[in-house]
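Reader: I'm new to looking at protein models. Could you walk me through how to read one, feature by feature?

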Number of protein chains: 2
Amino acid sequence: MMLTVFGSTALDTIRTPTRVLKDVLGGAATFAGISASFFVDTGLIAVIGKDFPKKYHKILASRLNLDGLSVKNGKTFRYDGKYDKTLSIRTTLRTELNVLENFQPVVPEQYRKSQFVYLANNDPDQNIELIKEFDRVKFSMCDTIEFWISTKKASVVKMFKQVDAVAINDEEAKLLTKESNLIKCAKKIMEWGTKYVIIKKGQHGSLLFFEDVIFPSAGLPLENVVDPTGAGDSFAGAMIGYLASKKKTNFSEIKNSVTYGNVMGSFAVEKYGIDALTTLKRSDIIKRHKQYEKMVRF
Amino acid sequence: MMLTVFGSTALDTIRTPTRVLKDVLGGAATFAGISASFFVDTGLIAVIGKDFPKKYHKILASRLNLDGLSVKNGKTFRYDGKYDKTLSIRTTLRTELNVLENFQPVVPEQYRKSQFVYLANNDPDQNIELIKEFDRVKFSMCDTIEFWISTKKASVVKMFKQVDAVAINDEEAKLLTKESNLIKCAKKIMEWGTKYVIIKKGQHGSLLFFEDVIFPSAGLPLENVVDPTGAGDSFAGAMIGYLASKKKTNFSEIKNSVTYGNVMGSFAVEKYGIDALTTLKRSDIIKRHKQYEKMVRF
């Protein structure tokens with residue numbers, strides 16, 4: 001397996017101004033893994049409960065290697081969140097860890113040689129342990145969320161030291177570093193020991209940092225955004241999926257990977273839940289990426 | 001005169017978290033005009049009071065043709081505003097129109113042949129009248145602010161019909177069009193009769209719209225921002241100044257002009273008030289623009 005994605009698979013309840021989705025397929029690793037799978041064979045390490053719908057299992061199986069997916073007695077991890085009418089603020093209404101609590105991830109033998117590993121929004125301590133089981137890592141990347149920053153900040157910082165790249169959204173970067181300027185945020189994160197920092201800014205694109213170089217990339221303007229869920233995860237999945245497909249991690253390819261991140265993030269928000277990614281074709285991605293390249297050129 | 005800028009010249013009181021500036025040189029036309037002056041000879045149509053400090057007059061005279069500057073009995077227009085600690089929200093504490101009230105702008109004879117005209121944040125009715133006095137306009141652009149949107153929306157829309165381009169910030173575009181999606185905002189503005197729309201997004205850059213084409217450009221990442229005052233005006237001034245210097249208004253040059261807008265906006269915020277623009281050299285602009293070109297390339 002060239003790429004392993006470790007993280008949450010969830011049943012999401014998403015309340016948008018236009019539609020409410022109940023118990024739909026979600027989770028950071030679901031979005032990141034499926035997004036990556038358009039670029040490279042991807043293995044998933046995650047856990048689901050016995051209640052996990054067959055149709056969702058089928059979706060995962062159609063795009064991912066599931067040797068790393070554990071099925072446990074109990075209910076699948078659930079998340080319930082509500083967007084404001086501008087779709088820019090999400091309020092968490094409920095989180096039920098269920099089978100995710102005390103989950104002991106197992107790395108299948110054929111995943112251990114993965115050269116690319118993505119740690120989606122997981123418990124940082126668990127991530128630190130898991131990454132040790134991979135012995136040929138060429139490029140690893142992680143994300144984190146407000147919950148871990150608030151409850152396990154020291155572990156988050158420790159985790160950052162263990163990976164090559166941190167992809168994090170702007171508000172979480174500010175919260176974590178207590179800086180309001182994004183360059184200052186990134187510098188602090190790099191000082192903690194990671195080589196690359198990618199700050200995701202939603203519709204405004206992203207900033208990639210490496211040493212004293214910055215690559216700012218504009219977001220892909222979209223007229224019809226219906227559900228931002230999973231956009232950041234799709235972004236990160238596309239990045240590492242693209243890099244794994246190229247087997248290269250030079251700065252030029254990392255910049256390219258960010259632009260594929262923009263593209264996959266843009267698809268994710270145009271339909272509800274995972275729908276955009278599951279109905280996507282490889283040719284759609286290539287077409288939109290070409291469009292993007294042309295669009296930003298001057 | 002190739003370019004005429006019409007708008008406000010002010011004495012600003014700016015309260016930032018790090019410094020309070022009292023009665024310093026400001027105003028939309030001041031920033032836009034000085035910014036444009038780095039690219040092309042620029043004439044200013046504005047009004048000041050007898051209290052306008054000589055040192056500020058000297059600054060204006062050093063960069064602009066002032067045949068269109070009226071000096072009236074009374075006090076200069078004053079603005080007082082305060083930034084929050086992230087420098088992203090500005091609250092207006094006080095506005096004193098003073099000599100700006102009932103000002104009848106006079107267009108000097110040698111300005112009438114200007115091929116490029118920029119109408120800074122002015123009374124839209126006054127702008128509509130003023131633009132009629134130019135008979136060889138190749139490219140005109142205007143901006144507007146919340147105050148006019150709230151008090152004279154119909155006139156703002158009418159003004160938009162009279163110009164080739166509207167440069168407006170994102171929050172004002174949303175307020176004006178009652179849309180939260182920026183593409184929808186721009187489409188509505190174009191439907192009102194303007195050809196090009198530029199939505200300015202502060203640190204996140206801008207979106208340029210023309211027919212069904214969009215040019216998204218990333219902002220120039222900056223580590224030390226001290227005072228955002230005048231950034232949007234400097235952006236617009238650079239745009240039209242650049243175009244006037246090229247005497248071209250094809251889409252490719254308009255895209256280039258936006259990138260110069262990003263660059264001049266980035267300088268504006270690095271020092272307090274007008275200081276960044278008055279200490280700038282032409283070579284600084286060229287250098288930073290090259291940096292920007294290199295930075296965003298992938």
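This is a predicted model: local features need pLDDT of at least 70, side-chain atom pairs count only at pLDDT 80 or more; totals for chains, interfaces and linings use all residues.

Reader: How many residues of helix α1 in chain A are buried?

Author: For α1(A), residues 28-37, the count is 10 of 10, and the helix is mostly covered. Among those buried residues are Phe31(A), Gly33(A) and Ile34(A).

Reader: What about a single residue? Which helix holds Ala276(B)?

Author: Ala276(B) sits in α10 of chain B, a helix that runs over residues 275-278. Its relative accessibility is 6%, so Ala276(B) counts as buried, since the cut-off for buried is under 20%. Setting aside neighbours within four places in sequence, Ala276(B) is in contact with Phe267(B), Ala268(B) and Lys271(B).

Reader: Okay, on to salt bridges. What's the general idea?

Author: Side chains of opposite charge can pair when their charged atoms come close. Over all chains, a search of the whole structure finds 30 salt bridges. One of the pairs to look at is Glu270(A) with Arg288(A), at 2.9 Å from N to O. This pair links distant parts of the chain: Glu270(A) is in the loop between α9 and α10 of chain A, while Arg288(A) is in helix α11(A), 18 residues apart.

Reader: Can you show me a pair in chain B?

Author: Arg78(B) belongs to strand β6 and Asp23(B) to strand β3 of chain B, so to speak distant parts of the chain, 55 residues apart. Arg78(B) is buried, with a relative accessible area of 12%, while Asp23(B) is partly exposed at 33%. In chain A, Asp23(A), Asp51(A) and Arg78(A) are linked in a network of salt bridges.

Reader: Last topic: how do I read the place where two chains touch?

Author: The size of an interface is often given as the accessible area lost when the parts come together. Here chain B and chain A bury about 2600 Å² between them, 60% of it on carbon and sulfur atoms. In terms of residues, 31 from chain B are in contact with 32 from chain A.

Reader: How many salt bridges are there between chain B and chain A?

Author: There are two. Glu223(A) and Lys187(B) form a salt bridge, with their closest N and O atoms 2.8 Å apart. The two chains also have 12 residue pairs in polar contact. On the chain B side, α11(B) gives the largest share, five residues. That side divides into 13 nonpolar, 11 polar and seven charged residues.

Technical notes. Residues are numbered from 1 along each chain as its sequence is written. Chains are lettered from A and ligands numbered from 1 in the order in which they are written. Side-chain values use heavy atoms; hydrogens and water are left out. Contact means heavy atoms within 4.5 Å. Buried area is the accessible area (1.4 Å probe) that two parts lose on being put together, summed over both. A salt bridge is a side-chain nitrogen of Lys or Arg within 4 Å of a carboxyl oxygen of Asp or Glu. A polar contact is a pair of N or O atoms within 3.5 Å; within protein, one must be able to donate a hydrogen and the other to accept it, and residues adjacent in sequence count only if both atoms are side-chain atoms. Helices (H or I, at least four residues) and strands (E, at least two) are DSSP runs, numbered from the N terminus. Ala, Val, Leu, Ile, Met, Phe, Trp, Tyr, Cys and Pro count as nonpolar, Asp, Glu, Lys and Arg as charged, and the others, Gly among them, as polar. Buried means under 20% relative accessible area, exposed over 50%, partly exposed in between (1.4 Å probe, protein chains only).
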